[in-house]
Amino acid sequence: MNISEKFWNKKAEGYAKSPISDEETYKRKLTETQSLLEKKMRLLEFGCGTGTTAMHHAPHVLHIDAIDISENMLDIGREKASKASIENITFTRSTLIEFNADAASLDVVLGLNVLHLLPDRQYVLTEVARILKPGGVFVSSTACLGNSYLRFIKPIVPLGKLLGVMPDVYVLTKSDLASEVHNSGFTIERQWHHGIKDAVVFMVARKL
């Protein structure tokens, strides 16, 4: 078990109990995502956490694979889905690369609040493109810390990670993100910003 996995396992219970910080923005993201969904679609969410977003989208698609590196997060998601009688979500402990979905097998991939936590971001984006069908959609929400005063956390991340008080966090800018998504074989159909200095980017990108 790596340090990031230990961190999120430890945080799982508190994370599940914490309220959504910006309910209006979260609802907007759900609505915009659901406008893209159809009942016949297969969707994958990586970095799904406790499965709240997957549960919101479950009635709108055929099936959701919800994956995360934290088994504790997934256990909470499984319990919530069971209590809600939602049967079309499969929760799996995995990274996107380890999950190794079949090429061109998915209609939609979600990566919400996760890309800035990944050391192999460009590789992950390439994998998203591989597993999406032609014309498939990638929906992401990413903290671009390089566009806010939070960029100054970069030097303290290694110590915070070592002490178990911070996960992996990587500083990127909005232009970094757009370039990496484009270079992975996507066209960006829409994006908007929110959060501190509008540093969080919600993006809908379509596989070429």
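**Aromatic contacts in the predicted model**

Ring pairs join Phe 46, Phe 138 and Phe 186 into a cluster. Four aromatic pairs are counted in total.

Phe 46 and Phe 138 make up a stacked pair, with ring centres 6.4 Å apart and an angle of 10° between the planes. The angle falls under 30 degrees, so the pair is classed as stacked, and the centre-to-centre distance lies within the 6.5 Å limit. Phe 46 belongs to strand 1 (residues 42–46) and Phe 138 to strand 5 (residues 132–143), so this contact ties together parts that are 92 residues apart in sequence. Phe 46 has a relative accessible area of 4% and is therefore buried. Phe 138 likewise counts as buried, at 0% relative accessibility.

Phe 186 is buried, as is Phe 138. Taken together, the ring pairs place Phe 46, Phe 138 and Phe 186 in one cluster.

A contact of another kind involves a charge and a ring. The charged end of Arg 28 sits over the ring of Trp 192, at 3.6 Å from the ring centre.

Terms used
Residues numbered from 1 in each chain as written. Predicted model: local features only at pLDDT ≥ 70, side-chain atom pairs only at ≥ 80, totals over all residues. Heavy atoms only, no water. Phe/Tyr/Trp six-rings, centres within 6.5 Å; stacked < 30°, edge-to-face > 60°. Helix = DSSP H or I, 4+ residues; strand = E, 2+ residues; numbered from the N terminus. Buried < 20%, exposed > 50% of the residue type's maximum accessible area, 1.4 Å probe, protein only. Lys NZ or Arg CZ within 6 Å of the ring centre and 35° of its normal.
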